[in-house]
Amino acid sequence: PNGPPCPVCAQPSASLRLLPCLHSLCAPCLRRLGPLGEAGRAAASSSSLSVLCPVCDAEVSLPPGGVGQLTPDYLALSRDGGEQEAEDPVAAGCDLCADGPAIRRCLTCGAYLCLFCCQAHRRQKKTASHTLTELENVKDCSQAGKPLFCPSHPTEELRLFCEQCDHPVCRDCVVHRHRQHAYDFTGNVIHRHGDALRELLKSTQQHMGALEGVLSQIDDMGSAIRSRAEAVATEICLFASGYVKAIEEHRDRLLKQLEDLKVQKENLLHLQKAQLQQLLLDMRTGMEFTERLLTSGSNLEILITKGVVASRLAKLNSIAYNTHPSVDDRIQFSPQERAGQCCGYEVFGAIINKVVDPTRCTLHGEDLHSARQNQLTGFTLLCNDTMGERMGRGGEAVRVTITHNDKKDCAVKPTVCDNGDGTYRISYSPEEPGLYAVCIYVKGQHVQGSPFTLMVKKFREHRGVFHCCTFCSSGGQKAARCACGGTMPGGYQGCGHGHKGHPGCPHWSCCGQVKESSECLGGPASDTSQRSLLRTVAL
């Protein structure tokens with residue numbers, strides 16, 4: 001078979017189709033694709049299916065109709081046809097009379113014409129306005145190639161573009177399936193759709209520049225880490241030279257720890273670098289394909305392919321990536337740090353690289369899950385390292401969010417106070433009652449117990465008076481009561497100094513609380529007790 005080679009099986013194919021990652025495969029290779037590596041099932045499914053591209057290992061989704069609904073790669077097919085024609089531009093015969101060799105091609109109808117048919121082509125009224133070109137001057141086959149015909153109506157040329165379906169159509173399609181749809185000639189809409197692709201291409205190029213800058217920073221950071229590690233190793237060797245056997249053993253132990261730390265940081269950098277390089281490769285592939293499409297593709301080829309191209313570029317542009325190296329070169333050596341015993345000798349010197357572990361950080365407080373409206377409350381965050389030991393120093397990136405579950409625009413602004421000893425005091429004052437979601441992050445990760453639910457209740461105001469006793473506050477009324485439950489002899493239903501039930505200090509008549517700024521704990525009062533309390537308040 002004729003056609004460009006398939007990038008997987010290397011066999012020439014005249015039916016290459018584009019995957020969403022902009023790699024084209026032949027029909028047999030497409031049929032062999034399976035869901036994420038399961039062979040032989042991609043073509044059998046009629047629903048949306050995800051497969052892995054064998055060229056770039058990207059996970060792509062097939063159309064609901066399977067591989068048969070993928071966009072044909074007209075650009076590759078026309079480019080291959082143009083290369084074959086360039087090898088022997090005059091080998092083709094006349095398409096009209098088949099008697100003589102073709103010397104010109106009609107750019108309007110795509111026919112190859114001999115000299116006699118060229119003259120007849122210009123004399124006929126129907127074809128007099130057609131444009132003819134010498135075959136030797138045809139340099140861009142895709143631009144001057146034969147017209148593309150409708151898959152549903154093979155005798156009709158694709159000259160129109162359905163705006164609603166976003167796809168080229170023929171005249172018969174407009175009359176039947178696209179009767180009520182808005183459409184226009186392909187030549188009238190190519191500029192608008194081509195400009196949209198150029199804007200996406202421009203955005204992709206900007207991202208590529210940013211990715212190259214990040215990769216350069218990663219290389220520089222790798223060099224900085226290696227340089228810093230070498231410098232620390234020198235310090236360690238100088239310090240260890242003062243202790244014969246014990247210090248030498250201690251030195252070897254420190255160097256091993258340093259090497260592990262360096263390898264750990266370099267591995268993290270290598271992982272980030274590999275991910276960004278793959279993203280850059282995907283973007284470069286998309287950019288090169290789009291540039292070829294815009295520079296070498298015909299109007300119809302651009303319109304046919306632009307959907308999958310735009311989808312791929314938009315997906316690549318939406319991928320989030322870190323614009324800075326994932327680790328730093330913070331490696332320090334402290335010769336004054338006690339390192340314990342080594343061969344019976346107390347040694348000093350340690351690598352300071354305590355890293356906070358968010359999963360080992362804990363929250364402490366009397367009541368983490370409840371608070372009162374408009375009342376200042378809070379809790380304490382204790383930061384620990386990867387071994388579960390207390391950090392002992394501050395400076396960590398702590399972030400706290402408190403968001404109302406029902407009112408998304410109602411968020412509490414907490415205050416984070418760094419105590420400098422590895423603990424952080426988080427204070428807040430909720431203005432609205434209800435359920436809140438509390439998230440505590442250290443270095444962008446949830447700490448232990450985060451997120452958790454916080455219930456904010458309304459602060460209950462006191463309905464009584466803060467008095468020394470009922471006898472004094474009511475002016476000696478026998479019917480006045482107090483929530484403390486105290487009574488006086490002689491039929492007095494309220495409390496009095498020195499009598500049974502009196503708390504011995506000022507208190508609230510509505511609930512018996514002895515703290516003036518406290519919340520009322522009294523339940524719903526009966527009519528009788530409510531009247532007595534209200535009378536007490538009035539007096």
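Which residue in E22 is the bridge partner of Tyr441? In E22, that partner is His446, and the pairing is a handy way into this predicted model. Residues are numbered from 1 along each chain as its sequence is written, and side-chain values use heavy atoms, with hydrogens and water left out. Because the model is predicted, local features need pLDDT of at least 70 and side-chain atom pairs count only at pLDDT 80 or more, while totals for chains, interfaces and linings use all residues.

Helices (H or I, at least four residues) and strands (E, at least two) are DSSP runs, numbered from the N terminus. Two strands are said to pair if DSSP finds at least two bridges between them. In general, the strands of a sheet pair through backbone hydrogen bonds, in either a parallel or an antiparallel sense.

Strand E21 spans residues 434-442. Seven of its nine residues are buried, leaving the strand mostly covered; buried here means under 20% relative accessible area, exposed over 50%, and partly exposed in between, with a 1.4 Å probe and protein chains only. Several partners can be described for E21. Strand E17 (residues 398-404) runs antiparallel to E21 and is joined to it by seven bridges, with Thr401 standing opposite Cys439. Strand E23 (residues 452-457) also pairs with E21 in the antiparallel sense, over five bridges; there, Leu435 has Met455 as its bridge partner. Strand E22, at residues 445-446, makes two antiparallel bridges with E21. E21 and E22 form a hairpin with two residues between them, and Lys443 in the turn has a positive phi of about 55°.

A hairpin is also found at E12 and E13, again with two residues between the strands. In its turn, Cys343 has a positive phi of about 55°. Strands E12 (residues 332-342) and E13 (residues 345-352) run antiparallel and are joined by six bridges, and Ser334 has Ala350 in E13 as its bridge partner.

Strand E1 (residues 17-18) meets E5 over two antiparallel bridges, where Leu18 stands opposite Thr71.

Finally, a helical stretch deserves a look. An unreviewed UniProt entry annotates residues 244-275 as "coiled-coil region"; UniProt positions are given in the numbering used here, feature names are shortened, and annotations may be inferred rather than shown by experiment. Over residues 244-275 the chain is 97% helix and 0% strand, and the end C-alpha atoms lie 46 Å apart.
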